[in-house]
Amino acid sequence: MLRAVSTSLGTARAASTAAKRNLPNIVLVDAVRTPFVVSGTVFKDLMAVDLQKEAIKALVEKTNLPYDKLDHIICGTVIQECKTSNIAREAALLAGVPDNIPAHTVTLACISSNVAITQGMGMLATGNANAIIAGGVELLSDVPIRYNRKARKAMLGMNKAKDVGSKLKIGGEIAKNLLSPELPAVAEFSTGETMGHSGDRLAAAFNVSRREQDEFAIRSHTLASEAAKNGKFTDIIPVFLDGKKPKTIKEDNGIRVSTIEKLSTLKPAFVKPHGTVTAANASYLTDGASAALIMTEEYALANGFKPKAYLRDYLYVAQDPKDQLLLSPAYVIPKLLDKAGLGLKDIDVFEIHEAFAGQVLANLNAMDSDYFCKDHMKRAGKFGRVPMDKLNLWGGSLSIGHPFGATGVRLAAHSAHRLKEEKGQYAVIAACAAGGHGVGMLLEAYGK
């Protein structure tokens, strides 16, 4: 039966609702991540599989996890390297995990490692596993670039050409198209629009000013800098880089505290000349990997593991991928809390993924809007505003960085650690993702 501490009417209702599901308690035992670094810097010569390997290996060492206690590995990633298409399996083998432990890879844009966690939760809840590593990785320093389709078609046809004339004709077609490569898509396939354009339009729709966005970005970097200096990022594991000048990377390198005066001089990055999204108030391309160990509570305690938090519930949403591409937190937070029988006041910690400063602020405004909640969410009225003094107090994706496939585990780790430090009971994670998708997750402090 699921455990919950009844400290208010809201949490009492949450406990009874959860208990009716008659599922085992699922816990986050621990989580790690490599430093999150700006793409094109210190990890530029690695492969994504190298980073995921480091995260898995470090997690196993940190938790003293015997391999005979591990049932499955799930990792998320977005921009896949074709040589390691099942990157979870390849990373596991490189990390020394025995080959009889299955591993598979999932992808759902920026919430890919959330999918890894929740798939693992499903396997644990149904008795198909007792212990799972869930992680994710992204290395945007090196992305697959293809010849265009005409060149690829010609190359494939070369093997079938039977005479010199045919081969020369195909060779000419290849040569003609060699200088027109296809880069990985930076736009939504369904709309042809970049996420930055959507962020700009969302900020305008919910009346978020350029100054508010810049101030939120400064807040994110300032809080992350303070957290790093005060030793909060205990989830970071060092990565040793071999080579002519060996070195060990021990910290995130994208955190930069600036001033409103400096940020106000930057030009719009997407909607020119009047847009409000800039390079400074948007998350940057990032390399990094993460891994979390999740178990049933019974199995964890029976085998000497001390959990950090309960993984109580989760919910996925999807909506219009054009005008509402980044609005998933506004949709999922009320639905998740309704499902759990909780209200905003019951939540002590919020960790909302920061794709753009304007995106976070627009979502906060949406949940506090009678019009949005009535017309789009079919609620009786506005849901309410997430308190800023509970939101992303160690910084977020704007400052720490956002390796697409890895961020979900980082959000879970920071939620669990903040619950302990702030002596809270419940934490909510929310994140948007490409395609108009989003996820919400509910964590509870572990009290034993």
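This is a predicted model: local features need pLDDT of at least 70, side-chain atom pairs count only at pLDDT 80 or more; totals for chains, interfaces and linings use all residues.

1. Two cavities of 30 Å³ or more are found when the whole structure is searched.

2. The largest cavity has a volume of about 110 Å³. Its lining comprises Leu46, Met47, Ala48, Thr77, Ile79, Glu81, Glu138, Leu139, Asp142, Val143 and Pro144. By class, seven of these lining residues are nonpolar, one is polar and three are charged.

3. For the second largest cavity the volume is about 30 Å³. Ala48, Thr77, Ile79, Gln80, Glu81, Thr84, Ser85 and Ile87 line this cavity. Here the division is three nonpolar, four polar and one charged.

4. How many disulfides does the model contain? The count is zero. A disulfide requires two cysteine sulfur atoms within 2.5 Å; the sulfur of Cys110 has its closest cysteine sulfur in Cys432, 6.4 Å away, and is therefore too far for a bond. Cys110 is buried, at a relative accessible area of 10%, and Cys432 is likewise buried, at 1% relative accessibility.

5. The domain assignment divides the protein chain into domain 1 (26-143 + 283-445) and domain 2 (146-182). Taken over C-alpha atoms, the centres of domain 1 and domain 2 are 43 Å apart.

6. An unreviewed UniProt entry carries the annotation "domain: Thiolase C-terminal" for residues 306-444. Over residues 306-444 the chain is 36% helix and 22% strand, with 14 Å between the end C-alpha atoms.

Definitions and conventions
Residues are numbered from 1 along each chain as its sequence is written. Side-chain values use heavy atoms; hydrogens and water are left out. Domain bounds come from an automatic or database domain assignment. UniProt positions are given in the numbering used here, feature names are shortened, and annotations may be inferred rather than shown by experiment. Helices (H or I, at least four residues) and strands (E, at least two) are DSSP runs, numbered from the N terminus. Buried means under 20% relative accessible area, exposed over 50%, partly exposed in between (1.4 Å probe, protein chains only). On a 1 Å grid over the protein atoms alone, a cavity is a set of points where a 1.4 Å probe fits but cannot get out, and a pocket is an open set with protein on both sides within 12 Å along at least five of seven lines; lining residues have an atom within 4 Å of a point. Grid points are joined across faces, edges and corners, and a volume is the space filled by probe spheres set on the points. Ala, Val, Leu, Ile, Met, Phe, Trp, Tyr, Cys and Pro count as nonpolar, Asp, Glu, Lys and Arg as charged, and the others, Gly among them, as polar.
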